[in-house]
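Subject: A structure for you to look through

Hello,

Please open it first, and then read my notes beside it.

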Amino acid sequence: MSTTERSSTEERLALVRKVLALERRKGYENTAVVGGLEGFLHQHLPEGLAQAAGYADRGLEERRQAVDSVEGVVDELETGGWQTTEELARPVERAVGVGRRRAEQLGRLGIETVEDLLLFLPRRLEDRTRRSPIGSLANGMWATVEGTVRAKSRVKVRRGLELVKVAVEDGSGVMFAIWFNQPWMWEELRQGTNYAFFGKAQVRYGELQMENPVWEVAGAAFHTGRWVPIYPATEGLTQPALRGLIQRTLEREGDRLVEIIPEEVRTRAKLWRRADAVRSMHVPSGPEDFHAARRTLAFEELLLLQIGLLLREQPHEAPVRALDVDSASVEHFASALPFALTGAQQRALDEIQADLRSERSMWRLLQGDVGSGKTAVAAGAAVAVSSAGAQTAVMAPTEILAQQHGLVLGELLGRVGLRVEVLVGGLPVRTRRKVLADLAAGDVHVVVGTHALLQEDVAFDDLGLAVIDEQHRFGVVQRAQLESKGSGTNVLVMSATPIPRTVVLTVYGRFAISVLDEMPRDRSEVTTSWVAQSRREDVYREVERLLAAGGSGYVVFPLVAESEEMDLRDATRAHEELSRRFPEVGVALLHGRMAADDKQAAMEAFRSGRVRLLVATTVVEVGLDVPDASFLVVEHADRFGLAQLHQLRGRIGRAGQAARCYAIADPSTEEGQRRLVAFRDLNDGFAIAEEDLRIRGPGDLLGTAQHGFVSRLKVADLIRDLPLLEQARREAGRVVKEGLPTWLASEVERRFGDALELLGV
């Protein structure tokens, strides 16, 4: 620590002593400083926060003890502890053993400060505790051995390849340890000295060898002879080097880590002290301690994240109102449907009605698998809102989906006398003006649209409900823009991609959840085949057979920004080829660049049966509802996401008929292969969502706009930490309700900051 830094710390501690003395003189009334003692300590003495946690709510005697404890921290710091957060914020280059070159390597791992280095935690443990006699080693066996270096040699095998080889003997046998292009090993290892080695035994050229083993002097028990932490690494920074840097930093700086979790929360959750948890992850006595320490630090992350999310969820000043929903109108709507609502649909509709009647604006997530009947539930919600004299807006991500919703909602709601209009780009000017005027006058009960609903000239007489379909395609700003067109607007977001519960609790914590876990009709499982590109012709012969039997279906091509033109040509060329091959069935083309009228004509032709084969890009992923479709061919299937493939498959077999799906692809990556295996073998949307989370990780699953917070999670795992996440959310709710300490709020901001704003669900 420099003289200037020491002087600054001394001034800070002197100020704290003055405030503590004043607090005593004022009878521990928490009036020594504006904002209270706890807020003052957060700014001037974070090291003493744990001792004063919840000071404002403590009794007189507890406050006296807290002030004494804080003063003890000051005493310790003044006698040389210097446990300051400023110290841990030093650039990592100033840590022991870290120079400029090492700092650059550490920077590639996201390690910028001393604190980052302390909190760069191992991803797993490796058991190097058991020492094996050399004579017992078998080919392919990983082992720790101890022995004496009896001989060594250095050989230049060829240009650019030098080998250092040492003979190691332990009384039971001889092993040769070999290093390639590491000439310094010749000097490092001394004949006659005992060493420990860890590596993979191999029988080569009639010898027992270990290539590039980990080694150290026998008895050191740091890189061998114990449960060894294994870290994510980077080029030029070996595991032993990283382990050594962290160990030296831990010895010098580890005690500076301040407690973050309030003591009462730590007690209830049975957590370790933070400094002990960090130390036990880096220097574990075994797996049990390692996992207990990981649990503590993961809980800390999740608690801070959940507090941040709860703070975002606090009710804002927007006006709210209870809608006077007429249950009889909703019951009449349900009885007028050409089908009976499932138990899950009725349950969701009841939950929505209860929300609409309450004094708080509704925030509800309606999720269910493809074909589970979300649109019918949304229609019932619109009836409930209309019965109270308000209007509904339904926002969809594409014109095709908006048009589809317009058709379905128009048919369902027309039965009970509600007027539905569609507002998308490309409407004739006169039609658009008429819709806008009637909407503002309250003559339109439900309007369905795309982003066009957000335009300034779109005004409502009384917007009571905003329905956001395929919500992951919209950001928080767009949703807020739609909400702002009403007063106390209720929000229903729908997702046809079932979302793992860990992600729901993390990203959708603000929302109540309704799950449609029943299908409206008995649907046969779609039979899915993954077919190599060399067998494409076999697939189209099967398509020919299905068409001859009166079937209809889709051929879908991917459409991604990087190769849009190429894929468009593929779809166009396929349309031409298939039109020539199947002239008698009618073949249509559908893609996003077509004029709105042409899209509508293609869909109508397919829906009516005049066309029985539709060649399309991913515009058919959601919303196109043609019950008779019985087959789907997905070209270049490895270029689709797993959830996207499942959505596409949901376009067929919608009337309960047997259906077949063919995924044509030769994936070049392991991830692509795993996706197609899962797609072939799984039909349940929730199982697919869980597998998608395992394959891609939460960051990719949520999309780039929502990836920011995931990258801040250093310990917690959104796949395996569901129970911990649920517990952290309960504790976060209690902490926020009882009054969030200033220092804890600041830590939430420091740790996650604006990443929370990226959760635009």
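Below is what was found, going from the whole chain to its parts.

Please keep in mind that this is a predicted model. The protein chain has 761 residues, and 52% of them count as buried. Its secondary structure comes to 28 helices and 21 strands. If you look at contacts between residues at least 6 apart in sequence, 73% of them join residues at least 24 apart.

**The cores**

Which residues touch the most other members of the largest nonpolar core? They are Leu37, Leu41, Leu45, Leu106, Leu242, Phe299 and Ile307, in a core of 76 residues. Helix α12, residues 287-313, gives the most to this core, with 12 residues. There is also a second, separate core of 41 residues, which includes Val394, Leu413, Leu465 and Leu492.

Now find strand β3, residues 161-169.

On one side, β3 pairs with strand β2 (residues 142-158) in the antiparallel sense, over nine bridges.

**A loop residue**

Lys270 sits in the loop between α10 (263-269) and α11 (274-282). Is Lys270 buried or exposed? Its relative accessibility is 71%, so Lys270 counts as exposed.

A reminder before the sheets: strands of a sheet pair through backbone hydrogen bonds, either parallel or antiparallel.

An open sheet of seven strands has the order β11-β12-β10-β13-β14-β9-β15, and the pairing is parallel. Its edge strands are β11 (420-423) and β15 (512-516), each of which pairs on one side only. On average, neighbouring strands of this sheet are turned by 20° against each other, direction ignored.

Within this sheet, strand β13 (residues 463-469) and strand β14 (residues 490-495) run parallel and are joined by five bridges. Leu465 stands opposite Asn490 in β14; Leu465 is also one of the residues of the second core.

Helix α14 (residues 343-357) lies across β9 (363-368), β14 and β15, and runs at about 160° to β15. Helix α17 (residues 429-441) packs on the sheet and touches β10 (391-395), β11 and β12 (446-449), with its direction at about 130° to that of β11.

**The six-stranded sheet**

Which order do the strands of the six-stranded open sheet take? They run β16-β21-β20-β17-β19-β18, with parallel pairing. The edge strands are β16 (527-531) and β18 (587-590), and each pairs on one side only. From one strand to the next, the twist averages 15°.

β16 and strand β21 (residues 660-664) run parallel and are joined by five bridges. Val531 has Ile664 in β21 as its bridge partner. Helix α24 (residues 670-681) packs on this sheet and touches β16 and β21; its direction makes about 155° with that of β16.

**A pair of helices**

Two packed helices are described by the angle between their axes and the distance between the axes. Helix α13 (residues 327-336) and helix α15 (residues 374-387) pack at an angle of about 145°, with axes 8 Å apart. Their crossing is right-handed.

Which residues meet there? From α13 come Ser329, Val330 and Phe333, and from α15 come Ala376, Ala379, Gly380, Val383, Ala384 and Ser387. By class, this contact has six nonpolar, three polar and no charged residues.

Enjoy exploring, and write back with any questions.

Best wishes

Key. Residues numbered from 1 in each chain as written. Predicted model: local features only at pLDDT ≥ 70, side-chain atom pairs only at ≥ 80, totals over all residues. Heavy atoms only, no water. Core = buried A, V, L, I, M, F, W, Y, C linked by side-chain atoms within 4.5 Å. Buried < 20%, exposed > 50% of the residue type's maximum accessible area, 1.4 Å probe, protein only. Helix = DSSP H or I, 4+ residues; strand = E, 2+ residues; numbered from the N terminus. Pairing = 2+ DSSP bridges. Axes fitted to C-alpha atoms, helices over the stretch in contact; angles between N-to-C directions. Contact = heavy atoms within 4.5 Å. Left-handed = near helix turned anticlockwise from the far one by under 90°. Nonpolar A, V, L, I, M, F, W, Y, C, P; charged D, E, K, R; others polar.
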